[in-house]
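Please open the model in your viewer and keep the selection tool at hand.

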Amino acid sequence: MSAARPVLLIALALLAGGIALPAAAQVALGDAIAGLPALTSEPGEDGATTYSLSLQILALMTALTVLPSIVLGATSFTRIIIVLSILRQALGTQQTPPNQVLIAIALFLTFFIMAPTFGVIYDDAITPFLEERITAEQAIVIASAVMKQFMVLNTHEDSLLLFAEMAGDGPYESTADIPFSTLLPAFITSELKMAFQIGFLLFLPFLVIDMVIASILMSLGMMMLSPMLISLPFKLLLFVLVDGWSMTVGSLAATFVQG
């Protein structure tokens with residue numbers, strides 16, 4: 001349970017930062033909740049608000065629902081899974097490694113890359129919250145700032161400017177001024193761009209092998225023999241000799257900037 005708390009807090013932080021209801025909608029939602037006895041909130045000490053257990057469970061289930069999207073869009077997972085998929089296609093191994101293995105590799109590598117960010121969130125937000133030194137709202141604000149810092153460092157400036165202009169916002173004086181509604185699409189666009197650039201570089205040596213094998217078969221008059229079938233063992237041999245998995249995973253991890 002304790003291992004899932006950082007991820008759940010990140011989900012709540014991004015959900016709170018990225019979704020802002022209009023004032024009228026907030027009033028209507030408050031009236032609707034007030035009509036349900038199980039979903040109540042009461043003012044506590046020092047101006048804090050205490051929510052009923054049912055409302056806390058509702059918030060937790062909502063966070064769990066959006067958690068997969070947050071893992072896909074607000075962490076390093078997108079870049080990693082795209083690069084691994086392109087690598088598998090370049091090797092020509094069809095469904096080897098299978099999708100489940102690729103996703104597992106991408107998830108574990110994502111946790112490794114995001115470990116410094118998660119560590120800061122745990123030390124600055126989760127631990128003080130569990131020790132009741134700060135409120136849940138303050139913990140969410142702190143976690144949101146840490147995640148925003150990571151995303152800004154790994155977002156291309158041109159992508160951020162593009163979405164800022166589309167939203168009619170900016171320029172921003174600091175990272176804290178960038179809204180999640182602009183940062184999230186800019187970050188995911190940057191991840192897609194970087195993933196395809198890395199995938200292109202990975203594809204080139206295997207493409208050369210395919211072309212060489214196809215030329216040799218053509219010169220020998222063996223046009224009915226599939227070049228992909230003949231080039232597959234040579235591509236696997238090359239990938240194993242250069243320790244391709246370690247190089248790919250290490251290069252991927254090195255492309256991310258930590259705060």
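**A guided tour around helix α4**

Begin by selecting Thr93, which lies in the loop between α4 and α5; helices here are DSSP runs (H or I, at least four residues), numbered from the N terminus. The model is a predicted one, in which local features need pLDDT of at least 70 and side-chain atom pairs count only at pLDDT 80 or more, while totals for chains, interfaces and linings use all residues. Residues are numbered from 1 along each chain as its sequence is written, and side-chain values use heavy atoms, with hydrogens and water left out.

Is Thr93 buried or exposed? Thr93 has a relative accessible area of 15% and is therefore buried (under 20% counts as buried, over 50% as exposed, and in between as partly exposed, with a 1.4 Å probe and protein chains only). Not counting residues up to four places away in sequence, Thr93 touches Arg88, Leu232 and Leu236; contact means heavy atoms within 4.5 Å.

Next, select α4 together with helix α10 (residues 227-241). Their axes are 9 Å apart and the packing angle is about 130°. Axes are lines fitted to C-alpha atoms, for helices over the stretch in contact, and angles run from 0 to 180 degrees between N-to-C directions. The two helices, α4 and α10, are therefore oblique to each other (under 35 degrees is roughly parallel, over 145 roughly antiparallel, 65 to 115 roughly perpendicular, and the rest oblique). On α4, the contact uses Leu87, Ala90 and Leu91; on α10, it uses Leu232, Lys235, Leu236 and Phe239.

Which of its 43 residues touch the most other members? They are Ile80, Ile121 and Met151. At least two residues of this core come from each of α4, α5 (99-113), α6 (115-130), α7 (136-153) and α9. The largest share, ten residues, is supplied by α4.

Methods:
A nonpolar core is a set of buried Ala, Val, Leu, Ile, Met, Phe, Trp, Tyr and Cys residues joined through side-chain atoms within 4.5 Å.
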